[in-house]
Amino acid sequence: PAIGSAPAMFSAEPGLLQRSGPYREPGRQEDIWLAIEWAIHLPGASGDMWDRIPLSPDEFRSQEADANTLEGVGAHTAWGATLTGQGPASRVTMGRGSASLTNVLGIQPVLGRWFLPGEEGVGEDPTAAVAVISHDLWANRLGSDPEVLGKTLVLNGSTRTIVGVLPESFRIRHLGRNSLEGDIRGISDVWIPVGGPGQTNNHNLEAIGRLAPGATVENAAVEVGGILSMTTERVRSDTGGGADWRIVSRSVDETLGLESPLVFLLGATAILLLISCANVATLSLGELHGRIPELSTRAALGAGRGRVFRQLLTESLLLGLLGTAVGTVLAVSGTRGLVAVAPPLPRIETIGVNLRVLGFAALLGTLAGVLSGTLPALV
């Protein structure tokens, strides 16, 4: 069981706790939120996410223009749309992103480009009729067509030209959608620029800032608060209570505050593996103690130490291989079970059995059995 449980738990580490994800320097990426004071301690599946309000387009623009402690500020949001053209009609997740978003995240399309600043809509001005599609949509609906750039598709009745294809690893969870609609994958099928018709000045843009070199989170929070201070009174009237602002690490937001409990579980699993190895050694020594008359008889009949050692080694290796086979089955089924019951965490669909962890657990368990099973023949 330990050989199965350890890989199952540690296989979650690359997908859930790895801070790099698909982004560049994720430790410098901070989410910018307005906060409702009376909602901070509301219970719910999203924990403290209940108290957070995305920025309005005007608030985002002010941060983008005036925040010197932030090297860049990007914004995104998403909702459902109907996609036609290039195949049958279907419902998709449509993301809206600022031209600065990919620079803040540090990603580049695998084909074509992302949006240009001039393609964003401002106020009632329309956005450019362009779109960037996900790798999944490109592969599954468009057959990985290398000539896809310049072709068109129709989103909610509006024809748009495809100008880019995002990397397969690109994930960005729309955290407001997660609470309400279960945006588990973090993949928007189609992206269009922010602004323009249909994009009101309500609080619907989730902003991500990249800390400037030498800037601290504390300094950025002070500056962000100063820029947002002019809007605080309006937020109070909109929410019916006090309002504040906060800057939160993007990786903490994406794991919904579950990072520390997951680390605790990984530590507990490592301890379980060590305890299981100690139990295997104890059982092996106990079993050998009961075989002392047998081994003594073999020695009296002329079996040398080398022959006895080979016999014990063969038995220990056979038991180790059987334990590894059972552990592998448990690791695969356990990993699938953990993914099935896990909350909507980032990159959860990428989790599989980590073969290096499985090999290490199997080696450690087998080594404990072999050493304890053959040691009496060497002394």
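## A tour from aspartate 145

Begin by selecting aspartate 145, which at 17% relative accessibility counts as buried; the term means under 20% relative accessible area, whereas exposed means over 50% and partly exposed lies in between (1.4 Å probe, protein chains only). The model on screen is predicted: local features need pLDDT of at least 70, side-chain atom pairs count only at pLDDT 80 or more, and totals for chains, interfaces and linings use all residues. Residues are numbered from 1 along each chain as its sequence is written, and side-chain values use heavy atoms, leaving out hydrogens and water.

**Charged pairs**

In total, the structure holds nine salt bridges.

Move to arginine 113 and glutamate 119, where the closest N and O atoms of another salt bridge are 2.7 Å apart. Which of these partners is buried? Glutamate 119 is, with a relative accessible area of 10%, while arginine 113 is partly exposed at 29%.

Then select arginine 61 with glutamate 64; the closest N and O atoms of this salt bridge lie 3.2 Å apart. Both residues belong to helix 3 (residues 57–66) and are three residues apart, about one turn of the helix. Helices here are DSSP runs of H or I with at least four residues, and strands are runs of E with at least two, numbered from the N terminus. Arginine 61 is partly exposed at 25% relative accessibility, and so is glutamate 64, at 32%.

**Helix 3 against helix 7**

Where do they meet? Glu59, Ser62, Gln63 and Asp66 of helix 3 meet Glu223, Val224, Ile227 and Leu228 of helix 7.

**The nonpolar cores**

Next, display the largest nonpolar core, which has 18 residues; Ile32, Leu55, Leu70, Val73 and Val224 have the most contacts inside it. A nonpolar core is a set of buried Ala, Val, Leu, Ile, Met, Phe, Trp, Tyr and Cys residues joined through side-chain atoms within 4.5 Å. At least two residues of this core come from each of strand 1 (29–36), strand 3 (70–84), strand 10 (206–211) and helix 7 (217–228). Helix 7 supplies the largest share, four residues. Apart from this core lies another, of 16 residues, including Ala81, Leu83, Leu142 and Ile162.

Finish on valine 73. Leaving aside neighbours within four places in sequence, valine 73 is in contact with Ile32, Phe60, Gln63, Glu64, Ser98, Ser100, Val104, Ala207, Ile208 and Gly209, contact meaning heavy atoms within 4.5 Å.

**The whole protein**

Zoom out to view 13 helices and eleven strands. Of the 379 residues, 47% count as buried.

Terms used. Salt bridge = Lys/Arg side-chain N within 4 Å of Asp/Glu carboxyl O.
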